[in-house]
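I opened my notebook today to look up charged side-chain pairs. Here is the structure I worked from.

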Amino acid sequence: MDIRSLHFDHLITFQVRDKKENWLEGIKILEDFPLNHEVYQNGPVFFSYEEEKDNEGLFTYYLPINDAVEFEEGITDFEYIHQFSIEKALLMRQAQEEADFSTAIQKIKSYAATENLSVENSFICVLLDVYGEYLIDLYVPLKEWSEVK
């Protein structure tokens with residue numbers, strides 16, 4: 001377990017409320033997002049999840065791109081944000097080797113408690129596509145060190 005930062009500039013994003021186990025649905029939508037030769041993906045797709053109740057919560061999906069874009073208001077569910085930044089978070093590399101997200105997050109929270117670290121009730125999942133399979137880096141932000149601009 002490491003303490004790391006996470007930072008991306010220029011992102012296309014959208015939000016949806018859903019059950020935790022449906023996390024892959026939003027990834028599929030972003031992977032099919034129509035880009036052109038002037039705007040292209042330049043980083044891994046990732047998402048954050050904030051649990052609200054009964055294993056449901058708010059997913060925010062992010063697609064890093066090379067430059068700023070504009071969307072017409074009311075035309076699409078997608079938005080552009082200039083920057084995503086978390087100064088300090090606990091990182092579990094290759095979290096896909098755990099049984100599920102709940103198990104991985106519980107391990108991170110247990111580690112945080114042992115180390116007297118206060119963590120947010122959310123996580124960020126970075127999906128690294130390696131030869132058609134996902135490697136998952138799981139970040140749990142430390143309180144007072146996270147911000148989306």
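Which residue forms a salt bridge with arginine 17? I found that glutamate 52 does, with the closest N and O atoms 3.1 Å apart. My rule for a salt bridge is a side-chain nitrogen of Lys or Arg within 4 Å of a carboxyl oxygen of Asp or Glu.

Before going on, I noted that this is a predicted model, where local features need pLDDT of at least 70, side-chain atom pairs count only at pLDDT 80 or more, and totals for chains, interfaces and linings use all residues. Residues are numbered from 1 along each chain as its sequence is written, and side-chain values use heavy atoms, leaving out hydrogens and water.

Back to the pair: glutamate 52 sits in strand β2 (residues 46-53) and arginine 17 in strand β1 (residues 2-19), so they tie together parts that are 35 residues apart in sequence. I took strands as DSSP runs (E, at least two residues) and helices likewise (H or I, at least four), numbered from the N terminus.

Next I looked up glutamate 51, whose side chain meets that of lysine 20 in a salt bridge (3.3 Å, N to O). This pair also links distant parts of the chain, 31 residues apart: glutamate 51 is in strand β2, and lysine 20 is in the loop between β1 and α1 (24-31).

Is lysine 20 buried or exposed? I read it as buried, at a relative accessible area of 10%. For this I used under 20% for buried, over 50% for exposed and partly exposed in between (1.4 Å probe, protein chains only).

Last, I counted 6 salt bridges by this rule.
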